[in-house]
Each structure stands twice: as C-alpha cells, then as structure tokens.
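Here is a short report on how two protein chains meet. Take a look at the model before reading on.

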Amino acid sequence: MPAYDDDLPTDEEEALLRRLTDNTEREERFRALIEFKNLILGSKRCKSAFFRVGTLDMLYNLLKEYSLPIDSDILIQIFDCISSFAKSTNKNLTQRLIELGFIEQILLVLIDDQQSKLFYESALRCLRSFFLSKKFANPYLSPIPFILLCDQNKFEPKSSSIIIDKSPSSYKLSPVEILFSNSQSLDILHRLLSISKSTQISVLEILCCACVDNQRQQEIMGKDFIPMIMHLLIENIFYHKRIHLVTLANEYLIEVCLKFLCSISYENPSIAQQLYSTISSETNQSLCEIVASLLKKINRSMIISYYASKFFVNLCKTKVLSCDDPYVSHQSLASLIHLCAKSNQNQCIYLYIECLDTLIYLLNGNSSLHHTAIYTEQLLSQLFNYLFTPSKIFGENLDETAIIQIRSSALTLLAVLSSHHEDIKKRIAEQENLITTAIECYRSSNLSLQIASLRLFHGLSRSVHQLRTTFNDTICDILLDAIKSSDLALVKIVSSVVSNSVLEFSICRTRLLSGGILDILLTFLTHSDQELSINSIWALRNLSYLSTLKIKQDILNGLTIERIYSLLEQCTDKQFLICLLSLLRNLFNEKDTEILLPMFNSTKLLSTLERLLKKNYPGEIHREVNFLIDYLHSNNHPTQKRLSSDSATSSCRSSLFPEYDCDEMDQLDCS
Amino acid sequence: MHAHFAQPIQAAAAAAVAAAMAVSNTSSTSSTSEAHVSTPVHHTATKAEWMEAIEQQRLERSTLNRLIINYLVTEGFKEAAEKFAEEAGISLNNVDLTSLDERLRIREAIESGRIQDAINLINTKAPELLDQNRQLAFHLKQQHLIELIRSNLIDDALTYAQIHLAEFAEEEIKMRQELEKTMALLVFDKPLESPYGYLMQISHRQQVANEINSALLIYQNDESESDLSMLVRMATYMQDKLDQKQLRYPKLIDIAGGKLEDS
C-alpha cells in the first residue's frame, strides 16, 4: 500500500474544496475547478486524499447541477476530473464512482446533440476511462499507452463486477452492464463517431470493452458500426503505388479500429462470417483485403501488425477461414512469429505476451500449422530465450509479474508445439536445459508457471519415445505432487499427463503406482468436474492396457463390480461410457479372462450389455458393446473378435487440447 | 532562404536513398550468386559517381519545402513556418496552427520557468497526458521544484517535494534517484556549481520542453519527430551500415553544410 494512502488534503487543498462547495458563483467555481483539476491530474496522492473526504459526491452534485441546463465549460472541467479519478487503481474509489451513477449521468448529457466538439470529446474520454484497464501495460511502447486487448479474460465470469449494495438487495453492476441498461447508449455512441478523431477513438475503445460475450457483440453489430469502421480504415490508409508504400494518416485510430474488429469477432462465428463477407462500397475491397494490406512488411507499427494478424486468427478459430488459408498460414502466422521474434528493449513486453498468447490460441487445435511455425529456428530460439533469460531481452529492471507472464506464455507455446508431431516434440525435448527449467517452473510458487510446465509435460507425454526417455523419477514425483493439489485447473492438467504416463511402456508407471496413483484416480471418478472424471477413467483404461493381473485386480477391487454395473446402467456421459467399455475390454485380455470374468456374473453382464445396445447411443458405444458381447459369446477365440480400437479411442479423448486428433496416441492403444 | 536550406536537405535526403541502394546492392550480391543486371554493384564509389547518384534522385523543390515546413511546425516555430510558407507559396490549410500555438505557449512557459502555467496549459490541451505518462508528470513537477530552489524558496521547495513528488519516489527507483539528486541541490550554497548543477541549467528546461512537445504531438496523433530529423537519423544509420561493410564512399561529414568527404 502506498504511503500516501492515508493522506488527507492539505490545508490549501481543503480551502480549495470549500471554494467549490460553499461558493455558488459560477466564475469562481470554474476557476476553482481548474485549480482542482491541475492538482489531481498526474497525482495519485491528491486523488486518494480527496477521495477520503468525499469529494466524489461533491463532484457528482456539481455534475447534476450543471447538466440542467448544460454548462459545457464547467462540465468539461468536471469530466476531466472524473476521468482522472476513474483511472485510479483504488478499487474503493472506482466502486464509489459507479455507485454514485456517473456513467448514467454522462450518458444522459450526451443525448444533447447541440454541444461543441470539445464537450463531446471530454465526455467520451471520461466515459472511456471507466471501461479501460487500469493497468497501463506498455510504458515502453509509446508515451501514450495503447490498451492491449486480452481476449483470454474476455469471456470469464464477471469477476471485475462491482458489488453495489442498494436496498433492498445487493446486485452486481459493471460499466458494461450500465452501458447496455440504457437502450439509447449505442445510438448515442454511433452518432458521436462522426464528430472527430478523438471521439472515434473513445467510442471504439468503449465498444471494444463492451464486447464481453456473444450477446453483447450481436447487439453492437446490430447498430451498424461496421460500415463506419471500414470507412475509417480506408480513409486513413494511403497507397503510394509508385514506391509500393502504405502510409498511415492516423496509426492510433487504425489500431483501435483493428482492435474493435478483433473484439467483435472473437469466438463469434456468425459475426466472423459477416465480417468476412463484408465489402467496402467505396473501394469494392473486402474487409479482409483491407486488413491484409496492413500486414505489409513496411508497416512500422507493431500494434497494427498484431491486431491485423489477430483478426485473421479469430476468423480461423471460428472456422470462417481454414488454417491453410493464405491470410492465416502465410500472413497472420508469419506476422505473429516475426513480432515474437523481434526483440527490442524499448518495446512493450506485454505486446510480446499477447503475441505469444495469440499464437497459442491459433496453434492449439491447428497442428497442420506447427511445422510452418517452426520452419526457421527463429520462433523456437526466441521462445527459449524468453523462457531461460527474459531479462537479457527486456532489461534487468523488468517487473516480476511481466517476467512470469512471458515465461509462462513461452512455455505454454512450447507445450502446444510439442503436443502433436514427433519430430517437433523431439526437437523441443532435446533443447538443453528445457526439462530442467520446466521442473524449476513447477517448483516455483507461481501457479501460471506450474500450469505451463505441466502443459509441456502433457504435450511430451503424447509420445511413446518421450514416455520411455524423458519422464524420469523427478517428473513422476512432480505428477504425484500436482495430482494432490487443491487447484482444480492444475489437477485437471496433471490428470491428462498421468493418463498417458500410466501406459505399459512408460518408465513412470511403476513409480506412479507405488505412489498411490490408482487410489487417487478412483476418487476422481465421481468428481463433480466432468473433465477430471473422464480423464480418470481414461487413465484407468490406459493403466489396464497390457497390464498384469495384479493391477487389473487392483482396479477391479477399487472400482468394484457393483459400481461397474451401476455405471453401465446409469451413466449418461457418452465419453465416460466409451472409456469404461474400453476398460472392460482391456481387463478381459485373453490370459486373464478365466480369472477375472467369474468375478462378474457373465449372464448378468451379457444382459446388461444387450440392454445398452437397445439405447440410442452413438455408433462407437455400440461397437464397443458388440465387441464385448461377441467376446463373451465366443470366449475361446478372443483375438478374432477383437475390434480395432482406433475409431473408439479417437472420439474419447478428453484433454487440455480437445480439438486434437492425435494419431500418435491412437497408435498407442493398438491391440 | 532556399539556397541556405535546400542543398544540405537535398544531400541528406539523397544520401539516405543512395546509401540505402548501396546497402541493398551489396546485400543482394552477397546473398545470391547471380548478378543483378539492372543494378550495378558498387564495392567502391568515387565522389563523382556518388554525386551522380544523388543528382539522379530528382527531389522536387516542393518536397524539400514540405520537409522544412514539417520541421518548423513540429518544433513549434509558428512564425517561421508562416513566413516560410508565404515565401514558398505553400498553403498551411492542413496545419493546425492553433495546436501549434498551444504547444509554443507551453514551450515558452517551461523555458521561462513558469511550470505551473505550463501544467495548466497542458491540462487544458491534453487532460489525460499527465495521468497516462507518469514520467512526464514527474519531470514537470521536478522542474517546478528546481525553480523553487533557484528562487531560494527552501521551505516551499521542501513542502512541494513532500506533497507532490514523494509518491513518484515510491513508485520507481529511477524517479527516486532523480528526486534525491534534485533535493541534494538544497545542500549546496551554490547549487549551480554542485555536481547536480546541470539540473539548474537552462538546457534542462529545454530538455523538459522537448519531452513535453514530443508527448503532445503523439497525444494529438501526429509524428513526434519531424521528417527531417528522421531523415538525418536514417542517413547516419545508413552510413554506419556502409562503414560496417567497409565500403568506400564519400561520407556526408557535415549534415548542416551538406559537405561530403572526398573519397
């Protein structure tokens, strides 16, 4: 907590406040407001001190007083003051601003369309301050911070909502919710787009923040902002045909336009499709062509390159563009890699983190792009630098949080790259110090580094070779430790690693078993988290494959016959059921059938399986059931009856990377 | 005025372009085994050849004039810009002279030590600037502290530092160090002659004024640096590149005078 947090206003500052409250003469108030503004702008201490004596309430009263009728000169000063307070990182302060109703009041005065350009610019700057991140993450990128868009947090539950206790019951309201609670808000913002570049920037920044979910995106889309955005882009991009140069009249405005296109298309297939199909009436170019023109090398702005690339990434992730579309594979991917690989101490580390996170987002589930991504050593070597020695790239005085974030993003991207192709896995795993560093990251106290390291282990665990070589006792101990964590996200990831690490040829298997992994997996079967319970049954299934009789008996004793019957009859989760049926198939390996089958009442088992066939389950389940029934009927020739496992297992995979269709892992389960 | 400015600017601009061509020619020959028929390779260049390359650039007078206007406007020399525009027959319709005026007034306020006036003008023109840029806010307030020390208002200086500058010292070590140096001026009878006397120099005011000017230009989404400055930096950079490749060429040794080294 800063030392000034307990400060109260000085005597002079108190006197100024009295001039504002006691003196009702307009000119005197105007002068006092200017002095007040000059005190608080650029001063956290002043803001904190004034807040402690209830100055916000005073400002709100002044705002109301001079709103009817509108005194624009005074209101401009009030807006500037409120805007400064709204930038504060003091949560109590910003909570109070929202409680008092500043946003609603500002929207009310903006209905008036007879005011000056300065008035609207000031009001919108003020409004914008309520929405934008308080963390100015890029002190190095430019003297005026560009607020970076972090999509990863966009659709999280509204933890940043402020609880307001208004009688009779308390309810949560965020600036975004307040904005949409006024049915005229979007119309007001649309009208103000044409006033000036400053209002355009403010409006677009607000709209970026308002795209919190698909519903809000759709509401914004319905207000026809896109033609205006396209016009702004076209207006500000000049083509010098003679020297093949794109110059930009207003880079900041273009950056914000691109950021808006990214926000509105994020995880929204229908809007992404609409944007893809949008053609400019001015130039007859598609929006994609316009955005692609900004990815030319000559472009100096990293932010423009980043958001133009991110736009195509969003179109790809919503399946509007395929991953081998040139916009994605040639332009976006290349731009993002080039941005990540640039190292410059004067550039903003948070932009690099965003680039890495966007690459993770793109490459996760698009394994066909992996080889393109690492075509030159550029990306991999830079990722290793970010992981091993970030301070050498960004300087020694780097914020600890930033270091952790970039290391964790770099490690996660390495995990994604190592999760599919064997040659890439090998290249990454064999990098000197990588495994040691990943182990150190797990042992750090930081959750994001721990999760990133486990993701790397998960990626590597999808390889027979890695399971036989890399997964030593140290990693086993880490898995045993992580599986007992109280953090659910961590446990889910490690359960995916464990489910691969218990396979018969894994050097980890024995140590995991002696560490009690079986009992832990059995307890997870009934966990409320579906993904964890499926990972557990999957792990048990893998554990039972080509296993010894003892282990199979331990599984059966832990699971119990009654429970198996109960699950077969009552389980409605199809993925869980497939895994359970595969587990039974593995248990009834020919050499153990004579011992294990009598533990089941084979007549009862047969009739249970036949009842399953009558249910409306997908084909994979019926195939597994038919296999088991055939096996029970003709016990003497099991190998002739055994069905191929590949088609069943590929749909069963539940892991960190659900979109993966991992050929490698399917082969692991061959009979 | 044209004769005084045109030649060095032309030389700088043309030198930058010629140097860029020379660098690209050498890199293309080193990276491919085929010769580029249309662009001859220059491992060495005589002064005559160089001058010929410069002459071939054909920079128009209007381009050069626009470079000068851009410099004058960016640096805030309004009167000079108006006069030059009149002489050169250039319209200043696209130039926001009000904004230029405002920046000029802010610069004048800082350079004459009236920092509070400057803060007032900055907050009128760019109300978000000092909240968004802590370093800028700190340097302005530090300058005000220096002015209080210069005026020998020691009590006021101490109070001002406690109330308005302490928060910056808490935030960042560099600011704390700068504040300590500034406060150390109070210890000396003749602060101007102390090891930190440079803070009291007029040049320090100019430094702050330049910093504010650049920030204001960026704030209003203009380029923070004139095209001419960028061109000079580009020419210097290109010459460094050629030097690294150990190429012989007539180096531009005096940018202001447009003087080339004899090769």
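A salt bridge here is a side-chain nitrogen of Lys or Arg within 4 Å of a carboxyl oxygen of Asp or Glu. By that rule, the interface of chain B and chain A holds four salt bridges. One of them joins A:K47 to B:D131, with the closest N and O atoms 3.0 Å apart. Keep in mind that this is a predicted model.

Which elements give two or more residues to the side of chain B that touches chain A? They are α6 (115-125), α7 (129-132), α8 (134-150), α9 (154-171) and α11 (202-219) of chain B. The top giver is α9(B), with six residues. Sorted by class, this side of chain B has 10 nonpolar, seven polar and nine charged residues.

Now for the contact as a whole. Polar contacts link 14 residue pairs between chain B and chain A, counting pairs with both residues at pLDDT 80 or more. The size of an interface is often given as the accessible area lost when the parts come together. Chain B and chain A bury about 2,300 Å² between them, and 51% of that lies on carbon and sulfur atoms.

| Chain | Residues in the contact |
|---|---|
| Chain B | 26 residues |
| Chain A | 32 residues |

What does chain B look like on its own? Its secondary structure comes to 12 helices and two strands. From the N terminus, the order is α-α-α-α-α-α-α-α-α-α-α-α-β-β. Chain B has 263 residues, and 43% of them count as buried. Its accessible surface is about 14,100 Å², with 50% belonging to carbon and sulfur atoms.

Key:
Residues numbered from 1 in each chain as written. Chains lettered and ligands numbered in written order. Predicted model: local features only at pLDDT ≥ 70, side-chain atom pairs only at ≥ 80, totals over all residues. Heavy atoms only, no water. Contact = heavy atoms within 4.5 Å. Buried area = accessible area lost by both parts, 1.4 Å probe. Polar contact = N/O pair within 3.5 Å; in protein donor to acceptor, adjacent residues only side chain to side chain. Helix = DSSP H or I, 4+ residues; strand = E, 2+ residues; numbered from the N terminus. Nonpolar A, V, L, I, M, F, W, Y, C, P; charged D, E, K, R; others polar. Buried < 20%, exposed > 50% of the residue type's maximum accessible area, 1.4 Å probe, protein only. Areas by Shrake-Rupley, 256 points an atom, 1.4 Å probe, with all protein chains shown as cover.
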